[in-house]
Amino acid sequence: MHKTLRKALPGYCAFCLASTEPGQGWCTTCLVELPWNVKPCTHCADPLRERDQSLCAHCLQEPPPITHTQAALLYQAAIKELIYDFKFNAFPRAGMLLVELMLKAMPRHPGAALLAVPMHPKRARERGFNQAQWLAEQLSRRTGLPLLQAECHKLVVAQRTLNRQERAANLRGAFRMAKDTHPLPAHIMLVDDVVTTGATGNALADVVLDAGAERVDMWAVARTPLGNN
């Protein structure tokens with residue numbers, strides 16, 4: 001059977017394509033060998049080098065508006081491939097496997113409501129869907145947490161080529177809460193697929209806090225390691 005077809009069908013491990021038990025998306029060996037984020041910074045989930053650290057150097061110097069980031073995996077190897085299949089090829093099974101991996105490592109304090117990182121309508125039309133919104137909808141169904149809505153009304157340039165300061169400036173004024181979301185719960189959990197520098201989540205968190213929330217956390221599939229230690 002063709003590799004691409006096996007990746008799309010249940011009954012095969014999403015990573016090594018070996019046969020799996022019914023209802024399992026991966027084999028035990030591959031699950032253990034995934035790039036788990038073993039010792040993350042509490043605020044931003046960047047991997048830490050020292051056992052006694054709880055915050056990276058950047059978060060110590062400039063505490064972000066996000067209190068806690070839950071990103072149990074690193075954006076590397078098999079996880080990077082799985083996210084690519086979901087994000088750019090729109091493979092439904094890849095998306096469901098990402099949801100299962102997120103639920104395997106639920107935040108200890110999931111908050112009172114979920115909020116997907118919004119995408120500008122033009123970007124969503126180009127890609128075909130907002131991957132963060134899709135993940136948040138699935139997590140809302142599985143956890144019972146209500147799903148709030150925010151809007152991105154500024155078409156920002158691509159973040160990939162920008163440094164941390166440029167990303168923050170690029171996102172300034174980009175987000176706003178939807179009109180029917182007030183009053184906000186005290187504790188809101190943002191949802192995204194990958195956290196890179198954290199600039200997008202922080203920009204949205206500032207808007208959520210300004211709108212009346214008391215605490216904002218982030219729940220993502222994976223974290224891109226930056227080495228801010």
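How many cavities of 30 Å³ or more does the count come to? The count comes to two. The model is predicted: local features need pLDDT of at least 70, side-chain atom pairs count only at pLDDT 80 or more, and totals for chains, interfaces and linings use all residues. Residues are numbered from 1 along each chain as its sequence is written, and side-chain values use heavy atoms, with hydrogens and water left out.

Cavities were located on a 1 Å grid over the protein atoms alone, as sets of points where a 1.4 Å probe fits but cannot get out. Grid points are joined across faces, edges and corners, and a volume is the space filled by probe spheres set on the points. The second largest cavity holds about 40 Å³ of space. Its lining (residues with an atom within 4 Å of a point) consists of Gln70, Ala72, Leu73, Leu101, Met102, Ala105, Trp219, Ala220 and Val221. Two or more lining residues come from each of β1 (69–74), α5 and β7 (215–223). Helices (H or I, at least four residues) and strands (E, at least two) are DSSP runs, numbered from the N terminus. Eight residues of this lining are nonpolar, one is polar and none is charged. Here Ala, Val, Leu, Ile, Met, Phe, Trp, Tyr, Cys and Pro count as nonpolar, Asp, Glu, Lys and Arg as charged, and the others, Gly among them, as polar.

Aromatic contacts were examined next. Rings of Phe, Tyr and Trp (its six-membered ring) pair if their centres lie within 6.5 Å; planes under 30 degrees apart count as stacked, over 60 as edge-to-face and the rest as tilted. The structure holds three aromatic pairs. In one of them, the ring centres of Phe86 and Phe129 are 5.4 Å apart. Their planes stand at 75 degrees, so this pair is edge-to-face. Phe86 belongs to helix α4, whereas Phe129 sits in the loop between α6 (121–127) and α7 (131–143), so the contact ties together parts that are 43 residues apart in sequence. Phe86 is buried (under 20% relative accessible area, with exposed over 50% and partly exposed in between; 1.4 Å probe, protein chains only), at 2%. Phe129 is buried too, at 19%. Phe86 also pairs with Trp134: the centres are 5.3 Å apart and the planes at 55 degrees, so the pair is tilted. Trp134 lies in helix α7, so its pairing with Phe86 of helix α4 ties together parts 48 residues apart in sequence. Trp134 is partly exposed, at 22% relative accessibility. Ring pairs link Phe86, Phe129 and Trp134 into a cluster.

Disulfides are absent: the structure holds zero. The criterion is a pair of cysteine sulfur atoms within 2.5 Å. The cysteine sulfur nearest to that of Cys13 belongs to Cys16, 3.7 Å away, and Cys13 is in no disulfide. Cys13 is buried, at 0% relative accessibility. For Cys44, the closest cysteine sulfur is in Cys56, 3.7 Å away and too far for a bond. Cys44 is buried, with a relative accessible area of 10%.

Backbone geometry picks out two alanines. Phi of Ala45 is near 70 degrees, a positive value in a residue other than glycine. Ala45 is found in the loop between α2 (28–33) and α3 (57–61), and is buried at 0% relative accessible area. Ala90, likewise not a glycine, has a positive phi of about 55 degrees. Its loop runs between α4 (77–87) and α5 (92–104). Ala90 is partly exposed, with a relative accessible area of 45%.

Definitions and conventions. On a 1 Å grid over the protein atoms alone, a cavity is a set of points where a 1.4 Å probe fits but cannot get out, and a pocket is an open set with protein on both sides within 12 Å along at least five of seven lines; lining residues have an atom within 4 Å of a point.
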